[in-house]
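Please look at the sequence and the model before reading on.

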Amino acid sequence: RSFDRFIAINQKIRQRFVGDLNIPTSKVDLIYSAVDIQRIIDFKATQSTPEAVRLKLGLPASSKLFTFVGRLTDQKRPIEFLKIAKSRQGYPDEFYVLVGDGELAKECVDFIRREKLDNVMRIPYVENTLELASVTEGLIITSAYEGLPIAMIEVLNFAVPVFATDTGDIQNVLDDYAGGRTIPVELGGESRDIAYAEWIASLAQYKASLLAFENDILQRFSSAEIANQYIDCFNKASLGYEEAAS
């Protein structure tokens, strides 16, 4: 409590600072993670086609791709993603891509084999995640807890809708752009499958909304914008010392 300023990476942490630790609201700054927007701009300007990207990554040529990107850990709950894929085996135009590595890799591979998931591919590592974002129909986040995932910020810049557990500030950001849907972390089984089917049915509306906010999203999470917020935080912390010195 003796610190001059506090930085929260999502609203829930900000509420903990203010509500539980009695930190004055005026001393708490909400600052999200940043992405390299120039990298995104440069990628969009390339001549790479979706067909070329799919071929490079070994993905199906025509199926709608739904992806999970993250460490295969208890926090990210990749098995929940695979359960969603299992529930959609009756939809041949959908294909599910599990991207990541970690201590649950073997458990994921065993699940895919045991459940005979022919609509799933696991890729341990993708060097350029923007390539994957450019051909993805939807991003699925099944985490037990998050701040605001970088993978989500990246795909929003490609107008990719998100289906996620309600953790961190995911819902707040999705609500800002009508870009997807969240469910409670504990929701599973038929209830989750129904929510997911409803999300699938609304993909076109989510995508149209994200396209309308394309420039706003790009600037909001740019490294320059986030850097300015940190500079502002530092300046506010310095102000009291400057006044005391004068």
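Which residues in H9 meet which residues in H10? Trp199, Ile200 and Ala201 are the H9 residues, and their counterparts in H10 are Leu203, Gln205 and Tyr206. The model is a predicted one, and the protein has 12 helices and eight strands.

**Helices H9 and H10**

- Helix H9 covers residues 189–201 and helix H10 covers residues 203–212.
- The two helices pack at an angle of about 55°, and their axes are 5 Å apart.
- That angle makes H9 oblique to H10, because it falls in neither the roughly parallel range (under 35 degrees) nor the roughly perpendicular range (65 to 115).
- Sorted by class, the contact of H9 with H10 has five nonpolar residues, one polar residue and no charged residues.

**Helices H4 and H5**

- Helix H4 runs over residues 78–87, helix H5 over residues 105–114.
- Their packing angle is about 15°, with the axes 10 Å apart.
- H4 is therefore roughly parallel to H5, as angles under 35 degrees count as such.
- The crossing of H4 and H5 is right-handed.
- On the H4 side the contact involves Pro78, Ile79, Leu82 and Lys83, which meet Glu107, Cys108, Phe111 and Ile112 in H5.
- By class, this contact of H4 with H5 has six nonpolar and two charged residues, with no polar ones.

**Cysteines**

- A disulfide is a covalent bond between the sulfur atoms of two cysteines.
- Searching the whole structure gives zero disulfides.
- Cys108, one of the H5 residues that meet H4, has 0% relative accessibility and so counts as buried, the cut-off being under 20%.
- Cys233 has 7% relative accessibility, so Cys233 counts as buried.

**Overall build**

- The C-alpha trace of the protein spans about 70 × 40 × 35 Å along its principal axes.
- Of the 246 residues in the protein, 45% are buried.
- Among contacts in the protein with a separation of 6 or more, 66% are between residues 24 or more positions apart.

Notes: Residues are numbered from 1 along each chain as its sequence is written. This is a predicted model: local features need pLDDT of at least 70, side-chain atom pairs count only at pLDDT 80 or more; totals for chains, interfaces and linings use all residues. Side-chain values use heavy atoms; hydrogens and water are left out. Axes are lines fitted to C-alpha atoms, for helices over the stretch in contact, and angles run from 0 to 180 degrees between N-to-C directions. Helices (H or I, at least four residues) and strands (E, at least two) are DSSP runs, numbered from the N terminus. Angles under 35 degrees count as roughly parallel, over 145 as roughly antiparallel, 65 to 115 as roughly perpendicular and the rest as oblique. A crossing is left-handed if the near helix is turned anticlockwise from the far one by less than a right angle, and right-handed if clockwise. Contact means heavy atoms within 4.5 Å. Ala, Val, Leu, Ile, Met, Phe, Trp, Tyr, Cys and Pro count as nonpolar, Asp, Glu, Lys and Arg as charged, and the others, Gly among them, as polar. A disulfide is a pair of cysteine sulfur atoms within 2.5 Å. Buried means under 20% relative accessible area, exposed over 50%, partly exposed in between (1.4 Å probe, protein chains only).
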